[in-house]
Amino acid sequence: MDDEDVANRKVSFRKCLEHLSGAGKAIGVLTSGGDAQGMNAAVRAVVRMGIYVGAKVYFIYEGYQGMVDGGRNIVEASWESVSSILQVGGTIIGSARCKAFRTREGRLRAAHNLVQRGITNLCVIGGDGSLTGANIFRKEWSGLLEELAQNGEIDKEQVQKHAYLNVVGMVGSIDNDFCGTDMTIGTDSALHRIIEVVDAIMTTAQSHQRTFVLEVMGRHCGYLALVSALACGADWVFLPESPPEEGWQENMCIKLSENRARKKRLNIIIVAEGAIDTQNKPITSEQIKELVVKQLGYDTRVTILGHVQRGGTPSAFDRILASRMGVEAVVALLQATPETPACVVSLSGNQAVRLPLVECVQMTQDVQRAMDERRFKDAVRLRGRSFESNLNTYKRLAIKLPDDQIVKSNCTVAIINVGAPAAGMNAAVRSAVRVGIADGHKMLAIYDGFEGFAKGQIKEIGWGDVGGWTGQGGSILGTKRTLPGKSLEDIAIQMRKHSINALLIIGGFEAYLGLLELSAARDKYEELCVPMVMVPATVSNNVPGSDFSIGADTALNTITDTCDRIKQSASGTKRRVFIIETMGGYCGYLANMGGLAAGADAAYIFEEPFDIRDLQSNVEHLTEKMKTTIQRGLVLRNESCSENYTTDFIYQLYSEEGKGVFDCRKNVLGHMQQGGAPSPFDRNFGTKISARAMQWISTKLKEAPGKGRRFMSDDSICVLGISKRNLLFQPVAQLRQETDFEHRIPKEQWWLKLRPLMKILAKYKASYEVSDSNQLEPMPHRGHEEPAAI
């Protein structure tokens with residue numbers, strides 16, 4: 001990016017914020033209903049963004065109850081009052097069920113308490129019940145004020161000054177049960193808790209050949225049960241939206257015993273607490289246990305996870321989601337007019353969007369109505385395309401048809417891992433192998449990347465061979481950074497020898513370069529004229545054609561956890577600044593998003609050039625910070641952000657300039673970012689994107705029956721990725737123009753627009769680009785494009 005580009009971008013950013021003044025406005029923020037991890041991150045973002053634009057922000061303690069009771073429950077918030085809460089689960093401002101607010105009398109008292117403090121903007125973080133309550137309050141507002149004036153509790157001037165109430169909602173719910181948003185705040189963290197337990201249970205179940213029945217939360221929504229079943233490869237799952245068919249007892253027992261016959265030493269059954277049968281009768285975990293013991297005689301245990309799922313520290317995903325939503329909510333409140341309907345800030349793909357609150361709540365209630373009326377297909381459809389595709393993927397991967405019922409395609413598909421290992425690669429391989437077998441292909445595994453390919457390290461891989469792979473970190477097939485260029489002839493020989501009809505490559509930037517080399521060699525070697533697709537898997541998240549890569553979420557969580565520990569150590573010793581170096585090559589994704597998730601003061605990245613003046617201003621900023629009650633600093637640096645401003649240089653500069661004010665420590669995270677068990681996001685993303693890639697291969701092979709057909713067109717050699725809100729197959733030839741090959745990054749990166757957000761929340765002057773569209777969007781209807789929701 002040249003200087004002119006940077007200058008133009010700064011001007012456009014400034015324009016975005018100029019009309020966004022909060023001077024003279026007051027915003028109230030409350031959390032209501034069940035708590036969820038990440039609520040504090042949302043509260044922090046609302047408070048800091050509000051103060052940043054010049055508004056007053058008030059904490060409303062104990063949800064609507066605090067609003068009704070008033071007094072000390074409504075307190076002005078300061079910048080420092082939300083320090084150190086980003087990593088805390090639950091909600092620091094409390095949440096309570098409130099009967100009084102359901103009555104007009106209660107809402108009258110609440111309105112009086114708000115008017116006394118001049119609060120006419122409400123930011124509500126809660127579930128559909130809490131948001132519905134806020135909307136009723138907004139509609140009644142002018143009538144409530146008239147009544148208060150008649151009773152002599154407020155004067156006419158106050159009625160005119162505070163004539164209308166603006167309401168913006170954010171959905172905080174671990175169940176992900178709200179229509180209109182791909183993910184609610186808290187869902188990802190709850191999945192982390194579930195998967196931690198499942199991983200721990202699997203080791204003991206394996207030792208004793210046990211069956212475990214796990215009950216997870218979700219009284220009316222099976223999202224947690226479904227995604228955790230996908231992420232751990234459970235044998236069976238029970239959901240409220242999709243009850244098992246009649247005779248499920250026998251089918252389940254057959255499935256469990258078949259899996260044992262395939263030398264599987266354990267069974268995992270996941271049950272949503274609201275699981276029902278087709279007659280709407282509850283199916284309980286105890287019932288399932290008794291059935292397994294009676295029919296099969298297996299040693300069976302029940303584990304009910306309960307409130308463990310609500311607790312613990314929020315995941316990196318939830319912190320970033322909540323911070324984005326919180327900032328967007330304040331912007332929405334400041335842009336609202338008396339005519340603006342109440343809206344919900346939600347997530348679509350990786351875009352922050354605003355949707356009409358009433359329609360979202362209506363659609364959420366429609367799902368429940370469909371379930372009550374036993375219209376289960378409608379219930380699944382109304383939950384959204386992401387839920388539906390999760391369910392279909394789970395069914396394809398969990399249940400293997402007998403061999404004689406699978407229609408053979410007479411095609412051979414090979415899978416290869418290329419580049420550095422990334423958590424979630426194994427989940428992607430498992431998914432591809434099983435979908436391929438279900439489509440009738442012969443599946444081959446290539447070991448040790450292109451090097452192994454050239455040497456002929458190729459074996460057939462079966463359905464049972466990939467059992468239990470979802471939770472394994474690293475790459476079981478083995479992976480190498482070697483490119484195919486030097487051994488193209490050997491690779492072509494192996495393709496011919498094993499009659500490979502299609503290739504699935506799972507890997508990072510090397511895989512992308514490898515794909516380009518294979519594409520260029522098609523003219524010379526006809527064996528390479530087969531469909532090829534790449535699924536991006538790298539912690540650096542630097543593959544052109546996709547906004548996300550498998551493995552990046554796990555690395556981000558590792559960075560965030562480490563930063564939490566380091567911040568704790570720094571707050572104990574006081575007046576200490578830590579400089580942390582992250583991986584990523586030239587791509588600043590991990591440093592930038594890690595900074596946002598950990599609440600860093602600065603993050604140095606290659607994509608935003610910096611000089612000695614920027615370093616000096618950061619030191620001055622930290623010197624000022626040490627005068628407040630927050631006496632610690634956290635600075636992230638991407639490993640290749642600058643040739644000369646190395647981690648050591650920055651450490652020495654900070655140490656010298658901060659003498660007498662703060663001392664400095666440095667930490668290089670290194671390869672721990674590539675290791676560890678994959679996060680639920682990476683398991684699910686790897687599973688779904690890889691299944692989709694195999695479907696594309698099957699479609700391509702069906703288009704060209706017979707052995708002789710050669711695939712020469714650009715669209716037969718693609719990268720599959722998430723782009724904004726959709727899953728897209730993009731030809732590598734097309735992506736070449738979008739790539740900075742010298743620095744191994746895409747020329748355009750979506751996450752750079754979140755950069756000002758990190759600066760604002762760290763108290764720097766920055767220009768925040770207002771959401772992708774400042775308008776309310778219509779409710780998403782089912783189009784032809786593929787949803788990118790995870």
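**Whole chain**

I started by counting elements, and the protein chain has 25 helices and 24 strands. A reminder to myself: this is a predicted model.

Next I looked up the overall dimensions. The C-alpha trace of the protein chain spans about 90 × 70 × 45 Å along its principal axes. How does the radius of gyration of the protein chain stand against that of a compact globule? For 790 residues the globule value would be near 28 Å, and the chain has 27 Å, so the two agree.

I then turned to burial and surface. Of the 790 residues in the protein chain, 61% are buried. The exposed surface comes to about 30600 Å², and carbon and sulfur atoms supply 48% of that area.

I also checked how far apart in sequence the contacts reach. Taking contacts in the protein chain between residues at least 6 apart, I found that 79% join residues at least 24 apart.

I went to β6, residues 211–216, and asked how many of its residues are buried. The count is six of six, so the strand is mostly covered, with buried meaning under 20% relative accessible area.

Then I took the two faces in turn. In a regular strand the side chains alternate between the two faces of the sheet. On one side of β6 I find T211, V213 and E215, and on the other F212, L214 and V216; all of these are buried, and both faces are covered.

Which strands pair with β6? I noted β8, in the parallel sense over six bridges, and β9 (residues 300–304), which runs parallel to β6 and is joined to it by five bridges.

**An open sheet of four strands**

Here I traced the strand order, which reads β18-β19-β17-β20 with parallel pairing. Which strands stand at the edges? They are β18 (602–604) and β20 (663–668); each has a single partner strand, so one side of each is left without a neighbour in the sheet. The twist averages 20° from one strand to the next.

I looked more closely at one pairing. Strand β17 (residues 576–582) pairs with β20 in the parallel sense over six bridges, and F578 has R665 in β20 as its bridge partner. Helix α22 (residues 647–657) packs on this sheet, where it touches β17, β18, β19 (632–638) and β20. Its direction makes about 165° with that of β20.

**Two residues with positive phi**

Last, I looked up two backbone angles. Most residues other than glycine have a negative phi, and most peptide bonds are trans. K263 has a phi near 70°, a positive value in a residue other than glycine. I located K263 in the loop between α9 (248–261) and β8 (267–272). Is K263 buried or exposed? K263 is exposed, with a relative accessible area of 76%.

My other entry is N410, where phi is positive at about 60° although the residue is not a glycine. N410 sits in the loop between α14 (385–398) and β12 (412–418), and at 61% relative accessibility N410 counts as exposed.

Conventions
Residues numbered from 1 in each chain as written. Predicted model: local features only at pLDDT ≥ 70, side-chain atom pairs only at ≥ 80, totals over all residues. Heavy atoms only, no water. Buried < 20%, exposed > 50% of the residue type's maximum accessible area, 1.4 Å probe, protein only. Pairing = 2+ DSSP bridges. Axes fitted to C-alpha atoms, helices over the stretch in contact; angles between N-to-C directions. Contact = heavy atoms within 4.5 Å. Rg over C-alpha atoms; globule rule 2.2 N^0.38 Å. Areas by Shrake-Rupley, 256 points an atom, 1.4 Å probe, with all protein chains shown as cover.
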